[in-house]
Amino acid sequence: MVPIKRLPVRRSDVAGHLRPRPCRLLAAALAATLLTSGCMHFGPESLRATRIDYNQAIQQTNDQELLLNLVRLRYRDTLYFLNVERVASSLEITSTMAATAEFPSGAANTFTLGEASYSFMENPTVFYLPLEGEKFVRQMMTPFNLNLLVLLTTSGWSVERVFTVMLREMNGLKNAPSASGPTPSREPEYRAFQEAMQLLRSIQSQDGFDLGRIPDDEAALELRFAPALAGSAEARRLRELLGLNPGLDRFRLKLGIGHIDDATITILPRSMVSSLSYLSQSVQVPQDHEAAGLVTRTLDRNGDPFDWNRIFDRVMRIRTAPRAPESAAVAVAYRGHWYYIDNSDLDAKSTFALLSQLFALQAGTQPSSNLNLSFPIGR
């Protein structure tokens, strides 16, 4: 019998010829899965990465522009507003992937996957709309209406802050009317109005009055003292300052100048541009600018320099510094100096927020077909 010779069989031959096809398929499938799952979630992740940044940038630059215009008015420079109408942004996505399989001789079957990588390029375009023209000027010059006054006061704002910013006069009490334009050379009249506002704020903090419509006349507004505080010392002093009947606790509000009768409170509102001019007097000016005559110097009754903080101590204070301040809620550079609202000055921040709301309500723009300016930001 002829012996049968057995040929040696190597494990590497079995591994190399019987198993590579499934492994290659598995490698390709895993690589495709990685690439597909990454693309599926790229859009939402790009939104999370950019939306808050755009929101913060627009809000911060709006504040800076408003502050800049307050400073401009202090120097009697021209107002100018440039609205960010919209922002368009496109994303260009590039993805690469590498996948390899290795089946070395004399070893267990193995495969390796390369890395999948993504890159994207953002191409934003910003559309600006200059706020100008007859409609904008008319909105800026139109006096605030009583409904807006009541809306803000009844929505949680301090009546002292709202009335101080929005009113030029109340029942003959003058709220620095000469400061509603360029800086006056003489101290404005304000003391009696300021005292009345402090009393009104104190009564408001005790829920001592309401502003609302008269039940039998929906077109008319009135101020009503709460019964518990109608006879308080603060309410009596307020009636005295305003020349009101001490025996009444309801008073009609009416647009007008001066004092009409002891049952009516006349109100003379400011316009948006007048309120901006008024608050611009709170801008502190560097001494060298004042010495150079770049701003008007206001004198008090005795001929001494008038301190505008007497009016704006509880309302607004815009500070100045030679360098960029570290503790600013909002800051802007102008004429070689920095002007800012300190982050810890809560009164100034509140008034600035109120001013921003008033500007949006009074001088806000509607979608327009007017020519706007668009600026693509480079790749």
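**Figure 1. Arg319 stands opposite Tyr340 in strand 11.** This is a predicted model, where local features need pLDDT of at least 70, side-chain atom pairs count only at pLDDT 80 or more, and totals for chains, interfaces and linings use all residues. Residues are numbered from 1 along each chain as its sequence is written, and side-chain values use heavy atoms, with hydrogens and water left out. Strand 9 (residues 319-321) and strand 11 pair in the antiparallel sense, over three bridges. Two strands pair if DSSP finds at least two bridges between them. Strands (E, at least two residues) and helices (H or I, at least four) are DSSP runs, numbered from the N terminus.

**Figure 2. Strand 10 and strand 11 form a hairpin.** Two residues lie between the strands. Arg335 sits in the turn, with a positive phi of about 50°. Strand 10 (residues 328-334) and strand 11 run antiparallel, joined by six bridges. Ala333 has Trp338 of strand 11 as its bridge partner.

**Figure 3. Three strands make an open sheet in the order 9-11-10.** The pairing is antiparallel. Strand 9 and strand 10 are the edge strands, and each pairs on one side only. On average, neighbouring strands of this sheet are turned by 30° against each other, direction ignored. Helix 12 (residues 346-363) packs on the sheet and touches strand 10 and strand 11. The direction of helix 12 makes about 95° with that of strand 11. Axes here are lines fitted to C-alpha atoms, for helices over the stretch in contact, and angles run from 0 to 180 degrees between N-to-C directions. Strand 11 is largely enclosed by the rest of the structure, because five of its six residues are buried. Buried means under 20% relative accessible area, exposed over 50%, and partly exposed in between (1.4 Å probe, protein chains only).

**Figure 4. Asp342 is buried yet has no salt bridge.** Asp342 is found in strand 11 (residues 337-342). The nearest side chain of opposite charge is Arg319, 4.8 Å away. Lys and Arg count as positive, Asp and Glu as negative; His and the chain ends are not counted. A salt bridge needs a side-chain nitrogen of Lys or Arg within 4 Å of a carboxyl oxygen of Asp or Glu. The side chain of Asp342 does make a polar contact with the side chain of Ser344, at 2.5 Å. A polar contact is a pair of N or O atoms within 3.5 Å; within protein, one must be able to donate a hydrogen and the other to accept it, and residues adjacent in sequence count only if both atoms are side-chain atoms. Leaving aside neighbours within four places in sequence, Asp342 is in contact (heavy atoms within 4.5 Å) with Arg319, Ser327, Ala329 and Lys349.

**Figure 5. Gln281 lies in the loop between helix 9 (272-280) and helix 10 (287-291).** Gln281 counts as buried because its relative accessibility is 1%. The side chain of Gln281 reaches the backbone oxygen of Ser277 at 3.0 Å. Beyond its neighbours within four places in sequence, Gln281 is in contact with residues including Arg74, Pro182, Trp308 and Phe312. Helix 9 is mostly covered, with nine of its nine residues buried. Among them are Met272, Leu276 and Tyr278.

**Figure 6. Strand 3 and strand 4 form a hairpin with two residues between them.** Asn171 in the turn has a positive phi of about 50°. Strand 3 and strand 4 (residues 173-174) pair in the antiparallel sense over two bridges. Glu169 has Lys174 in strand 4 as its bridge partner. Strand 3 (residues 167-170) also pairs with strand 8 (residues 264-269), antiparallel and over three bridges. There, Leu167 stands opposite Pro269.
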